[in-house]
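Let's take a walk through this one together, starting where the chains meet and then going into each chain in turn. Keep the viewer open as you read.

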Amino acid sequence: MKFAPLALLLLSCTAAAAAAAAPLHIQLELPKPEHGPYHRPYVAVWVEDASEKPVRLIEIWREKPDWIKDLRRFWRKTGRADQPLVDARTGATKGPGRYQLSWDGKDDTGAAVAQGDYLLVLEAAREHGGRNLVKQPFRWDESALEIKVKAGTELGEIILTKGTN
Amino acid sequence: MAIAKLTALAALLFASQLSAHTLTVVPSHYVQSKTGSFVSVDVSASNMTFQADKGVGLDAFYVWLPDGSKVKPAAVYQGKRKSQAEVELATDGTYRLELGNGTRYFTSYELKGERKRLMANKKERTAKLPQGAEKVVTTQGNSRALAFVTVNKPSEAVLMPQNKGLEFQFDRHPADIVAGEEVTVILLMDGKPAAGVELDLSREGELYRNEPERKHHITDSSGKFVFSAPVAGRYLLEASYQADIASELADKVREGFTLSFEAALP
């Protein structure tokens, strides 16, 4: 009897851990433009909380430092202030195609975030091309989700999926 | 020669407060993501915002580095329509680019019904004013044109008010001004909030619009005003303040500045 509350607590902890363990899958498409010279876009993908404060940088695809500033929101929110973080999450730029990313529900320090409302932010800028910004709200809790974001010129269709726990 | 140039610039700075010509300092980039690069800075007196009309001398153009030290630009050129300064951005942080001449004194008067002006303060004017001068008023004038450029992480040193003349405090760093977001500004005169400062906010492209879409503001009793940039782009904030003063050197003070900045895409 004495142990029952502890057991309950353990159970709920396990449930919370399981919820955090189901990642958010992000399918992202980079379109192939029909006209003009092609340079691979710079792309950043990150999570912001409901007050639009950056929580977790998922990935940034870039080359030279000169042009990172063209990812205007990324640069203002994260890039300019935290070079080690940017370096740690940097990947090579990518050509047209579909890409899979995921978020494990952790912030930049590695701590699990609280359940609640978040924004998945994707920004792409291409030399001689345009710039796209997508801010997709989603709920981070035990429930499953599937969200499709309509394609733009620099960011093609984006699909967010997450399983239940 | 140098003095003549400075005097001419002072006259232009002063005149720009009175006439429609506005001095602007416009860097090629307000934000950079790489150190060791340069910005080219256009300096011009113009009627329409950022539509260069007249190049001006850059003897009084200085760069304040992120550590607060003051240096000359790497190179300057005075063109007919605009002048240019090359500014090296060797380190991270925020730079202030400023054209200004410090405080100048002008005495205006009427002689036989004609308005005239000479450069003298109240102490000097007695010896210089002609016989029969009327309606004598001495103005202490100061006018600056400035802009900020930020490389990587923004810094604060060059934003600190000096508690001298007309200055401003934004509720955010200039590199954080974003289209559609409200910005609160406090205008300071000699370090104290200044009510009644007149401000004009304009943006580029006036030549290609029927309506200039300028916004006029006046600071409230706490020296505050609030603006928001409707779209991303380059903006010019013009501020002017005048008041009667009790001073040994002047009857009036007239201070002004123009600040160019960009409102970033959200």
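The contact draws on 10 residues of chain B and 11 residues of chain A, where two residues count as touching if their C-beta atoms, placed from the backbone, lie within 7 Å. On the side of chain B that touches chain A you'll find four nonpolar, three polar and three charged residues. For those classes, Ala, Val, Leu, Ile, Met, Phe, Trp, Tyr, Cys and Pro go down as nonpolar, Asp, Glu, Lys and Arg as charged, and the others, Gly among them, as polar.

Before going further, bear in mind that this is a predicted model: local features need pLDDT of at least 70, side-chain atom pairs count only at pLDDT 80 or more, and totals for chains, interfaces and linings use all residues. Residues are numbered from 1 along each chain as its sequence is written, while chains are lettered from A and ligands numbered from 1 in the order in which they are written.

Now for chain A. One open sheet is built from four strands in the order E5-E1-E9-E8, with antiparallel pairing. Strands here are DSSP E runs of at least two residues, helices are H or I runs of at least four, and both are numbered from the N terminus; two strands pair if DSSP finds at least two bridges between them. E5 (97-103) and E8 (145-149) of chain A sit at the edges with a single partner strand each, so one side of each has no neighbour in the sheet. On average, neighbouring strands of this sheet are turned by 15° against each other, direction ignored; the axes are lines fitted to C-alpha atoms, for helices over the stretch in contact, and angles run from 0 to 180 degrees between N-to-C directions. Have a look at E1 (residues 24-30) of chain A, which is joined to E5(A) by seven bridges. There, A:Glu29 stands opposite A:Arg98.

Chain A also has an open sheet of five strands, ordered E4-E3-E2-E6-E7, and its pairing is mixed. Its edges are E4 (90-91) and E7 (131-140) of chain A. Eight bridges tie E2 (residues 42-49) of chain A to E6 (residues 116-125) of chain A, running antiparallel, and A:Glu48 faces A:Leu119 across that pair. Helix H2 (residues 72-79) of chain A lies across E2, E3 (54-61), E6 and E7 of chain A, at about 125° to E3(A).

Over in chain B, there are two helices and 20 strands. The C-alpha trace of chain B spans about 60 × 45 × 40 Å along its principal axes.
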